[in-house]
Amino acid sequence: MNMRAEVEWVDSQERLPGDGVPVAAAIMGRFASDDAGERDPDAGQEFWLVRPMYFTTRHFAEDGREYRDCFVDSDGVVRLPYGRDRDETLEFDDPITHWAELPTLPGTNVHYLLGEKAEAARANALREGT
């Protein structure tokens, strides 16, 4: 079974997704170095990874803080688009450099289905080998 999906990566400084849209988000950051502690914020290993998130124009964190135009993951972690001013209230200061719309479900042109339609679409995709 050969399944392929193409995604278009968008620079978060150029354009942001629509409100509530689930995306694949490329996060840039740095792991803290055990040796340097907090003395050197540039110490440690840099990383760049992809996580599923959703974009929202307005988000209220559990502590009541409000964030605008941000990406939120399934654990409620808020990250801002790359190039925005640092926000000291954020638990993690790893910005989103790029984002991409998630691919559609196999054999469909939609991102999610519910109930009987979901069961039928899954069965159809398995039957067709997609």
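Let me start with Arg68, which is partly exposed because its relative accessible area is 47%, and here buried means under 20% relative accessible area, exposed means over 50%, and partly exposed lies in between, computed with a 1.4 Å probe on protein chains only. Arg68 forms a salt bridge with Glu66, and the closest N and O atoms of the pair are 2.9 Å apart; by salt bridge I mean a side-chain nitrogen of Lys or Arg within 4 Å of a carboxyl oxygen of Asp or Glu. Glu66 also meets the side chain of Arg58 in a salt bridge, at 2.8 Å from N to O. Glu66 counts as partly exposed because its relative accessibility is 36%, and Arg58 counts as partly exposed at 45%.

Residues are numbered from 1 along each chain as its sequence is written, and side-chain values use heavy atoms, with hydrogens and water left out.

As for confidence, pLDDT is the predictor's own confidence in each residue, on a scale from 0 to 100. The protein averages a pLDDT of 86, and 88% of the residues score at least 70. Where pLDDT is low, the predicted coordinates should not be read in detail.

Now to the overall layout. The protein has 1 helix and 6 strands, where helices (H or I, at least four residues) and strands (E, at least two) are DSSP runs numbered from the N terminus. From the N terminus on, these elements run β-β-β-β-β-β-α.

Strand E2 (residues 22–30) pairs with strand E3 (residues 46–60) in the antiparallel sense over 9 bridges, and Ala26 has Val50 in E3 as its bridge partner. E3 in turn is joined to E4 by 6 bridges, again running antiparallel, with Tyr67 in E4 as the bridge partner of His59. The hairpin of E3 and E4 has 5 residues between the strands, and in this hairpin Gly64 takes a positive phi near 95°. Strand E4 (residues 66–72) then pairs with E5 in the antiparallel sense over 2 bridges, and Val72 stands opposite Val78 in E5.

Thr56 is found in strand E3, and Thr56 counts as buried because its relative accessible area is 8%. The side chain of Thr56 makes a polar contact of 3.2 Å with the side chain of Asp19; a polar contact is a pair of N or O atoms within 3.5 Å, where within protein one must be able to donate a hydrogen and the other to accept it, and residues adjacent in sequence count only if both atoms are side-chain atoms. Leaving out residues up to four places away in sequence, Thr56 touches Asp19, Gly20, Arg68, Asp69, Cys70 and Val72, with contact meaning heavy atoms within 4.5 Å.

The second one, Thr97, lies in strand E6 (residues 96–101) and is likewise buried, with a relative accessible area of 9%. A polar contact of 2.9 Å joins the side chains of Thr97 and His98. Beyond its neighbours within four places in sequence, Thr97 is in contact with residues including Val10, Asp11, Ala26 and Trp48.

Returning to charges, the count comes to 8 salt bridges. Which residues are linked in a network of salt bridges? They are Arg51, Asp73, Arg79 and Asp94. Within this group, Asp73 forms a salt bridge with Arg79, the closest N and O atoms being 3.8 Å apart, and both Asp73 and Arg79 are buried.

Finally, the helix: the 14 residues of H1 should span 20 Å at 1.5 Å a residue, and its end C-alpha atoms are 20 Å apart, which agrees; the expected span is 1.5 Å times one less than the number of residues. H1 is followed by Gly129, whose phi is positive, near 75°.

Key: Predicted model: local features only at pLDDT ≥ 70, side-chain atom pairs only at ≥ 80, totals over all residues. Pairing = 2+ DSSP bridges.
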